Amino acid sequence: MFYHGGMRVEYREEPCKVALNRVKGMPFGWSLNPYMGCVHRCTFCYVRAFERRADRPSDDRYGSSIRVKINIAEVLRAELARRSWAGDGVAIGAATDPYQPAEGRYKLTRACLDVLVRASNPFSIITRGPMIVRDVDLLVEASRRADVSVTFSVPTIDDDVWRTTEPGTAPPRQRLRALRTLVAAGVRASVGMAPLLPGLSDHPDSLERVVVAAREAGACGIWANLLHLQPGTREHFLDCLARDWPELLPDYERLYRASGYLKATDMRPAKDTVQRLANEHGIRDRRRLKLRPRERDEQLSLLSA
Ligand code: SF4
């Protein structure tokens, strides 16, 4: 039993049979999650909806019991070695943060990166965890061998909104410092402003503060998306909103009345503003050292050297 942010956290060391999960309807085909559950306990976490569907707690108890897939690196190695494996890109962190505190103890994300590097397999990582700088050596080597990218989730740099909606994460500016370190080392790293919360983090001034901070940190790109409220996430988020910003509750009930997604017309202004600000502030891939996968022949000649 461990404590994080004053909460008792149970780590369940459970081996897995499968490391890579097939994903449909997303921009990536495969996902990899060394942990299930996340002690960051963001009030808006979309994983709460998956938990609800799997008949697991999506309320305050979410994040208090973390499954640790202790054998995931060995399982991954075997899966990548199969003749049927086509070397597709793998998304790490789609269903839980791969750099949550458990990673400091178990180093399973690092072990999986090591396997992916040795297989020269492309991958992407999404995280709110500055601990990723510990693995800069592997990320640099991975970037030399395959298409690799890192996205830091930074929807806001407003202290009040961050502290209230992300009770367990590191401060956004720490994430941006981590981004700076990776970019300086040659790793392609961007910012994902998600989820933007209507009335809390989607004001043009708030958006510009994040875009400016991302530009200063050297982000290679930036994108934005708005909050989704699927069953499981919806109840918890609205309960928290009623406690923290009760005056906003009627607006959210109106905006999300018809479904868990905002209408396109409600999403467009914030997304367009981020795009415009990104252009105005010149956010693009400005890495001095641009690591690119070596040509295959070059890799083979290095292996035979
Ligand atoms: S860091 Fe990501 S996975 Fe973890 S609680 Fe927050 S939104 Fe969910």
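Before the first stop, a sorting rule: Ala, Val, Leu, Ile, Met, Phe, Trp, Tyr, Cys and Pro count as nonpolar, Asp, Glu, Lys and Arg as charged, and the others, Gly among them, as polar. Keep in mind, too, that this is a predicted model.

Start with the ligand and show what surrounds it: Cys38, His40, Arg41, Cys42, Cys45, Val47, Thr96, Asp97, Arg128 and Thr169. By that rule, the shell divides into four nonpolar, three polar and three charged residues.

Stay with Arg41 for a moment. It sits in the loop between strand E5 (35-36) and helix H1 (47-53), and its phi is near 50°, a positive value in a residue other than glycine. Is Arg41 buried or exposed? Buried, with 24 other C-beta atoms within 10 Å.

Look for it in the loop between helix H3 (102-106) and helix H4 (108-118). Lys107 counts as partly exposed, having 16 C-beta neighbours inside 10 Å.

Now select helix H8, residues 204-217. Its 14 residues reach 20 Å from first C-alpha to last, close to the 20 Å expected. Colour Ser206, Leu207, Val210, Val211, Ala214 and Ala217, the buried residues of H8. They cover an arc of only 130° around the axis, so they lie on the same side of H8. Just past H8, Gly218 has a positive phi of about 95°.

Last stop: Pro195, in strand E10. A cis peptide bond joins Ala194 to Pro195, with omega about -5°.

Methods. Residues numbered from 1 in each chain as written. Predicted model: local features only at pLDDT ≥ 70, side-chain atom pairs only at ≥ 80, totals over all residues. Helix = DSSP H or I, 4+ residues; strand = E, 2+ residues; numbered from the N terminus. Expected span 1.5 Å × (residues − 1). Buried ≥ 20, exposed ≤ 12 C-beta atoms within 10 Å, placed from the backbone. Arc of directions from axis to C-beta. Near = placed C-beta within 6 Å.
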